[in-house]
Amino acid sequence: MTRARVTLTVDRDARIIFVRYIGDVDGETIKESSISQFSDVENVWEYDAIFDLRRFDGVLLSPEVQELGERWRELVSSRDAGRRSAIITSDPFLIARLPATRQRFPGRIIEIFATFDEGLEWLRSGKLS
């Protein structure tokens, strides 16, 4: 069985943060771990991000996404406007929640991709969708 965890890797040259949710990670762990790790990145608002959820077996409830968004906004103070986030998933529930997720992170451009390579290419291309 895979150990549930959240990993964060920073590519400072490319200005991309790679976040992976692996296994049955609960919403509280995602919130606390993500904000803690984001807080450790200097000028985190200057980075695009890839959220790789292909191996995520947990559930992130709407109130948890809302709180994560609130804590993110406190951390970046709207300085991330125009930065992009690629979510990698084929989960129909997460895809259906994309409009609500976008509302929780105003100013960021968020898209969903089926493959990691598609998401990374989109970030590197500078295209909006």
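Ile 87 has Ile 112, in β5, as its bridge partner. This is a predicted model, in which local features need pLDDT of at least 70 and side-chain atom pairs count only at pLDDT 80 or more, while totals for chains, interfaces and linings use all residues. Residues are numbered from 1 along each chain as its sequence is written, and side-chain values use heavy atoms, with hydrogens and water left out.

β4, residues 84-88, runs parallel to β5 and is joined to it by 5 bridges; strands here are DSSP E runs of at least two residues, helices are H or I runs of at least four, and both are numbered from the N terminus. Two strands count as paired if DSSP finds at least two bridges between them, and on that basis 5 strands form an open sheet of mixed pairing, ordered β1-β2-β3-β4-β5. Because β1 (5-11) and β5 stand at the edges with a single partner strand each, one side of each has no neighbour in the sheet.

Turning to the helices, α5, residues 116-125, lies across β2, β3, β4 and β5 and runs at about 170° to β4, where angles, from 0 to 180 degrees, are taken between N-to-C directions of lines fitted to C-alpha atoms, for helices over the stretch in contact.

And which residues does Val 44 touch, not counting those up to four places away in sequence? With contact meaning heavy atoms within 4.5 Å, they are Ile 17, Phe 38, Trp 72, Leu 75 and Val 76.
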